[in-house]
2 protein chains.
Amino acid sequence: MNRKIVCSVTLIAALGAAYPLTGFSQVKPETQVKWRQSAMALQGKYFYGTLRPMAQGKIPYDANAAARAVGYLDALSKMPWDGFTPNTKDVKSAALPAIYTETAKYKEAEDRLQSEVGKLVAVTKSGDEAAIKNQITAVDKACGNCHENFREKQ
Amino acid sequence: MNRKIVCSVTLIAALGAAYPLTGFSQVKPETQVKWRQSAMALQGKYFYGTLRPMAQGKIPYDANAAARAVGYLDALSKMPWDGFTPNTKDVKSAALPAIYTETAKYKEAEDRLQSEVGKLVAVTKSGDEAAIKNQITAVDKACGNCHENFREKQ
C-alpha cells in the first residue's frame with residue numbers, strides 16, 4: 001500500500017515537471033502522441049523541405065527563407081519531448097521502447113538536437129552562408145542520431 | 001490553348017508566392033494537409049491546453065508557462081496557411097470548400113488570427129495579467145470566427 005502511494009506520488013511529480021501548471025495532465029496518451037508527431041512532421045517540413053535541400057544545393061539558398069525556417073525550427077524543436085512519457089508506450093507509433101528504458105541516452109540525443117538547433121539559430125543571425133550550411137548538416141546528424149537509436153526504421 | 005497556358009502561368013506564380021525558393025512545390029497535397037493539420041493540432045495544444053484554460057481560470061495562471069505557450073503560438077500561427085492551396089481540396093479534411101471560393105473572406109479570417117496573436121505576443125511582454133487574459137479571449141474569438149465559416153462542424 002505504502003509502495004503504491006510512493007509510486008503514485010513519483011508519477012505525479014514526474015508529470016508535474018513535464019506539464020507545469022497546464023491542462024496537459026488530463027490529456028489522453030493518444031493525443032500526446034498526435035501532438036509529438038505533429039511537431040516532428042513540422043520539423044520535417046522546414047528542415048527536410050527547406051533547410052537541408054538548401055545546404056545540399058538541391059534548391060537555391062535564400063537567406064530570408066532559411067531564416068524563417070530556422071525560426072520555426074527553433075520553436076518546433078522544443079515541442080515534441082513532453083509527449084514522450086511512459087504512459088504513451090502502448091500507443092502505436094514509430095517511437096521505440098528504448099526511449100523509456102535507455103532514458104539517459106535518449107535524453108542526451110534530445111539535448112543534442114536542441115543544442116545543435118540553438119547553434120543554428122545563432123549562426124543564422126551572422127548571415128554567414130557557409131557556416132549556416134555546415135550547421136544545418138550538424139542538425140541533420142543530430143536528427144539522424146536520435147532516429148537511428150529511438151525510431152523504427154522507416 | 002492560350003487560355004490554358006495563362007492559367008498554368010498564374011498557378012505557378014501563385015505557388016511561387018506561397019513557397020518561395022523551397023522544395024515545397026514538389027510536395028503532395030496529402031502531405032500539405034498533414035502539415036497544416038499538424039500546425040492546427042499544435043496551436044490547439046498550447047492555446048486550448050494552456051492559454052485559454054488560464055484565461056478562463058480553469059488552471060492557475062503561470063506567467064512563465066503562458067509566455068512559453070505564447071511564443072510557440074506566435075510561430076505556429078504562421079505555419080498552416082501555405083497548406084491551404086486549391087490542389088488540396090479533394091483531400092479529406094475538415095476544411096470547407098469555401099476556403100477556395102470565398103478567398104477574400106478566408107484571407108481576412110486568417111489575417112485576423114495572426115493579428116490577434118501578434119497583439120498577444122506584445123501584451124505578454126508587458127506582463128499585465130488581466131490584459132493578457134483579455135487578449136487570449138480575442139485570439140479565441142479569431143479562431144472561432146474562422147472555424148465557424150471555414151471548418152466542418154466538429
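Among contacts in chain A (heavy atoms within 4.5 Å) between residues at least 6 apart in sequence, 71% join residues at least 24 apart. The model is a predicted one, in which local features need pLDDT of at least 70, side-chain atom pairs count only at pLDDT 80 or more, and totals for chains, interfaces and linings use all residues. Residues are numbered from 1 along each chain as its sequence is written, chains are lettered from A and ligands numbered from 1 in the order in which they are written, and side-chain values use heavy atoms, with hydrogens and water left out.

As for what chain A is built from, it has 6 helices and 0 strands, so read from the N terminus the pattern is simply α-α-α-α-α-α; here helices (H or I, at least four residues) and strands (E, at least two) are DSSP runs, numbered from the N terminus. Of its 154 residues, 44% count as buried, meaning under 20% relative accessible area with a 1.4 Å probe, protein chains only.

Helix H3 of chain A (residues 63-76) makes a handy check on geometry. Buried residues of H3(A) include A:Ala65, A:Val70, A:Tyr72 and A:Leu76. Their cover includes H2 (29-55), H5 (103-126) and H6 (129-150) of chain A, plus H2 (29-55) and H3 (63-76) of chain B.

That brings in the second copy.

Where the chains meet, 27 residues of chain B touch 27 residues of chain A. About 2,400 Å² is buried between them, 71% of it from carbon and sulfur atoms; this is the accessible area (1.4 Å probe) that two parts lose on being put together, summed over both. There are 2 salt bridges between the chains, each a side-chain nitrogen of Lys or Arg within 4 Å of a carboxyl oxygen of Asp or Glu. A:Asp82 pairs with B:Lys45 in a salt bridge, with the closest N and O atoms 2.8 Å apart.

Methods
Buried means under 20% relative accessible area, exposed over 50%, partly exposed in between (1.4 Å probe, protein chains only).
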